[in-house]
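Grab your viewer and work through a few exercises. Try each one yourself before reading its solution.

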Amino acid sequence: MTGQSSGSYKNSYKFSVAPMLDCTDRHFRVLMRQVSRKALLYTEMIVAQALHHSNNRKKLLDFDEIEHPIAIQIGGDDPILLAEATKLAETWGYDEINLNIGCPSSKVQSGNFGACLMANPSLVAKCVEAMVNASNLPVTVKHRIGIDNLDSDAFLKEFVDHVAAAGAKRFSIHARKALLKGLNPKQNRNIPPLLYEKVINLKKCRPSLIIELNGGLNTPNDCRKILEQVDGAMVGRAAYKDPLLWQTVDEIIYGEKAQNLNASKVLKGLIPYTEKHLSKGGRFWDIAKHCLQLVKNVPGAKQWRNEISLQGIRPEANLSVLEECIEKLEDAGL
Ligand SMILES: Cc1cc2nc3c(=O)[nH]c(=O)nc-3n(C[C@H](O)[C@H](O)[C@H](O)COP(=O)(O)O)c2cc1C
């Protein structure tokens, strides 16, 4: 909980790994940190109310120093609870805090937060203002290009203007609208069409705002191209499905030296973290389950995945499973 100066991570938002429930937990983030030294990593959404009532905040908030730069994502609609969450995030050492105004799930809607709040820009602005006043952390907002019939360019501009005036430092925009009735969250990530031009147009109309585009970016090159028109590229599913694909972002997006990674090098990088996790009573599988996608599209990949699953899921699995996996991969030149 030592807290780094967020200023030292200027422009890290150029490429980020999106918040994804059940995916971007601290273990996956440590894996992604092997792949990119520079990317901004988002946590899964944490609900402000749950944080308020939790008697195990460490479990919800702890992360490893190696994860910096890291943004915590919070869901909620109560300025007081959001301010409290922001103070906690600052104490815990996060670099930024992000408010979720993009999630369309019925559970989230019944709590009156997530995407449905796009219909209430004044409340979002109040929430952001309370968060801004609660700490020195940059406050950012993740949202859609619209919801239901509130999907015009004018609506999007008005929403963003309102929230920017309240002090939001950056906007991560999923370039599809959300349909709040009739589609489940998965459908809402696939069915409404991606309309990049709406985000690009917003950036043109509001050049001083920092705008990240999210949705359907599948390769580092997709990100490089979109960065010619907006300030940040945020990637979700494609990062989880194929972490190694993103090893070129440090070079092509941040101008850093290439790392030339492969699966065994990434796993080797995870050894100290895995040791630490196991020594605190954590399970090997917590980490190993995220590693399955490191090996794909090569002969024997399926067998390797089966093996690490069978071995790694056992409660007594320990570091030797990881070491054996690395050895096998090295023998195969992977
Ligand atoms: C499994 C899963 C969980 C997600 N959880 C969150 C979340 O907690 N908060 C959030 O703002 N978005 C969440 N999303 C949405 C992503 O952040 C992202 O906006 C969406 O997947 C579109 O980007 P992509 O096409 O690059 O995947 C989730 C997406 C997936 C696939």
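Residues are numbered from 1 along each chain as its sequence is written. The model is predicted, so local features need pLDDT of at least 70 and side-chain atom pairs pLDDT 80 or more, while totals for chains, interfaces and linings use all residues.

**Exercise 1.** Work out how the strands of the barrel are arranged.

Start with the order: 8 strands close up as β1-β2-β3-β4-β5-β6-β7-β8, paired in parallel. Strands here are DSSP E runs of at least two residues, helices H or I runs of at least four, numbered from the N terminus. Now zoom in on β7 (residues 211-214) and β8 (residues 232-235), which share 3 parallel bridges; pairing takes at least two DSSP bridges. In that pair, asparagine 214 sits opposite methionine 234 of β8.

**Exercise 2.** Find the angle at which α7 packs on α9.

Take α7 (residues 153-165) and α9 (residues 196-205): their axes are 11 Å apart, at about 55 degrees. That angle makes α7 oblique to α9. Axes are fitted to C-alpha atoms, for helices over the stretch in contact, with angles from 0 to 180 degrees between N-to-C directions. Oblique is what remains after under 35 (roughly parallel), over 145 (roughly antiparallel) and 65 to 115 degrees (roughly perpendicular).

**Exercise 3.** Identify which residues come nearest the ligand.

Of 23 residues around the ligand, pick out Ala18, Met20, Met45, Gly236 and Arg237. Being near means a backbone-placed C-beta atom within 6 Å. Next, check the elements: β2 (40-47) and α11 (237-241) each give the shell at least two residues.
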